[in-house]
Amino acid sequence: MDNSTSATAVGKPDRPLPVTPGAQGLAGTSFKHEHLSAILADGLNNGFFEVHAENYMGAGGPPHRALAAIRADYPLSIHGVCMSIGGPGALDVNHLARFRDLVARYEPMLVSEHLAWSSHGRTFFNDLLPLPYTQDTLDKVCEHINQVQEAIKRSILLENPSTYVAFASSTMSETDFIRAVSQRTGCGLLMDVNNVFVSANNHGFSASAYLAEFPLEQVGEIHLAGHSEQHDDENELLLIDSHDRVISDSVWMLYRNVVSRIGPRPTLIEWDSNLPDWPVLRAQALTARRIMAEHGISLAGELSHEA
Ligand SMILES: [Fe+2]
């Protein structure tokens with residue numbers, strides 16, 4: 001399998017679309033070591049795999065042996081979850097150096113991070129926390145993204161968050177904020193469709209309206225994931241971005257909407273807990289491939305195999 005993908009140059013305002021040539025129609029999944037042997041036995045045609053950067057920041061050992069085995073056959077996506085790009089403080093330069101080294105080691109097809117913060121001073125949280133959308137936070141996020149992109153010598157994709165609270169101090173919409181970040185830093189965007197659905201439910205806005213306002217032309221990857229349902233203290237439905245089940249029909253509908261508007265994009269099924277057997281996860285990726293086939297990619301040679 002050809003995995004000779006190349007990095008997009010650090011973004012400029014008049015940059016081309018942030019999609020690696022030939023990668024548009026790929027569908028992949030989170031890579032979990034429990035699935036390694038099953039993947040090597042029956043993997044994904046036109047697939048790719050995504051890992052959390054922080055799980056591979058040691059020098060060697062079983063994690064790197066497993067990832068190297070996957071990298072031999074597939075393009076990779078390295079997805080950072082702890083850079084705290086949305087935080088008010090300086091980036092952790094040691095963490096950034098480890099991130100840079102990991103990107104250099106595996107030469108992934110895609111590199112991404114979150115519009116969120118997860119550390120403050122020497123306190124580290126397990127959650128990706130939201131930030132107010134103001135001129136001050138916009139300046140800080142852009143400064144951080146420029147720092148990351150300069151360190152790794154390529155553009156990153158910035159992911160829209162799933163949120164459960166909003167800040168009264170915000171002076172711009174999330175979509176305007178994200179558009180401004182992309183324009184100022186040249187970063188591409190990672191559209192997490194499930195995050196849109198979760199936030200829309202939790203805040204009471206229209207997911208379709210959000211997508212209509214989102215700068216979809218800068219999307220270089222799409223995330224899909226399952227969410228769980230809870231109820232808040234007032235017994236209102238609260239959706240949690242749990243990554244622990246199949247993708248809901250509503251999220252598949254939104255995904256169709258996005259692909260119909262911008263065409264195929266590398267699409268990743270995120271699944272991080274309550275892991276299913278590999279064929280379940282694989283089937284979710286193949287559903288994304290079929291939807292992309294409705295909008296321009298060819299499944300020649302795959303349909304007979306998957307039937
Ligand atoms: Fe995501």
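Reply: Start with pairing: two strands pair if DSSP finds at least two bridges between them. Keep in mind that this is a predicted model. Strand E9 (residues 219-225) and strand E12 (residues 267-270) pair in the parallel sense over 4 bridges.

Me: Which residues of E12 do His 223 and Leu 224 stand opposite?

Reply: His 223 stands opposite Leu 268, and Leu 224 stands opposite Ile 269.

Me: Which other strand pairs with E12 in the parallel sense, over 3 bridges?

Reply: That is strand E1 (residues 27-30). In this pairing, Ala 27 stands opposite Thr 267 of E12.

Me: What do the strands form as a set, and in what order do they run?

Reply: They form a closed barrel of 8 strands, in the order E1-E2-E3-E4-E7-E8-E9-E12, with parallel pairing. From one strand to the next, the twist averages 25°.

Me: Which way do the residues of E12 point, and are they buried or exposed?

Reply: A residue counts as buried if 20 or more other C-beta atoms lie within 10 Å of its own, and as exposed if 12 or fewer do. Thr 267 and Ile 269 point one way from E12, while Leu 268 and Glu 270 point the other way. All of them are buried.

Me: Is Ala 72 buried or exposed, and why?

Reply: Ala 72 is exposed, because 10 other C-beta atoms lie within 10 Å. This residue sits in the loop between helix H2 (62-71) and strand E3 (76-79). Ala 72 and Tyr 106 are 34 residues apart in sequence, with their C-alpha atoms 9.9 Å apart in space.

Me: How does helix H6 lie relative to the strands?

Reply: Helix H6 (residues 193-203) lies across strand E8 (188-192) and E9, and runs at about 60° to E9.

Me: And how is a pair of packed helices described?

Reply: By the angle between their axes and the distance between the axes. Here, the axes of helix H3 (residues 93-106) and helix H4 (residues 135-152) come within 9 Å and cross at roughly 45°. H3 is therefore oblique to H4. Leu 96, Arg 100 and Val 103 of H3 make the contact with Val 148, Ala 151 and Ile 152 of H4. The crossing of H3 and H4 is right-handed.

Note on methods
Residues are numbered from 1 along each chain as its sequence is written. This is a predicted model: local features need pLDDT of at least 70, side-chain atom pairs count only at pLDDT 80 or more; totals for chains, interfaces and linings use all residues. Helices (H or I, at least four residues) and strands (E, at least two) are DSSP runs, numbered from the N terminus. Axes are lines fitted to C-alpha atoms, for helices over the stretch in contact, and angles run from 0 to 180 degrees between N-to-C directions. Two residues are in contact if their C-beta atoms, placed from the backbone, lie within 7 Å. Angles under 35 degrees count as roughly parallel, over 145 as roughly antiparallel, 65 to 115 as roughly perpendicular and the rest as oblique. A crossing is left-handed if the near helix is turned anticlockwise from the far one by less than a right angle, and right-handed if clockwise.
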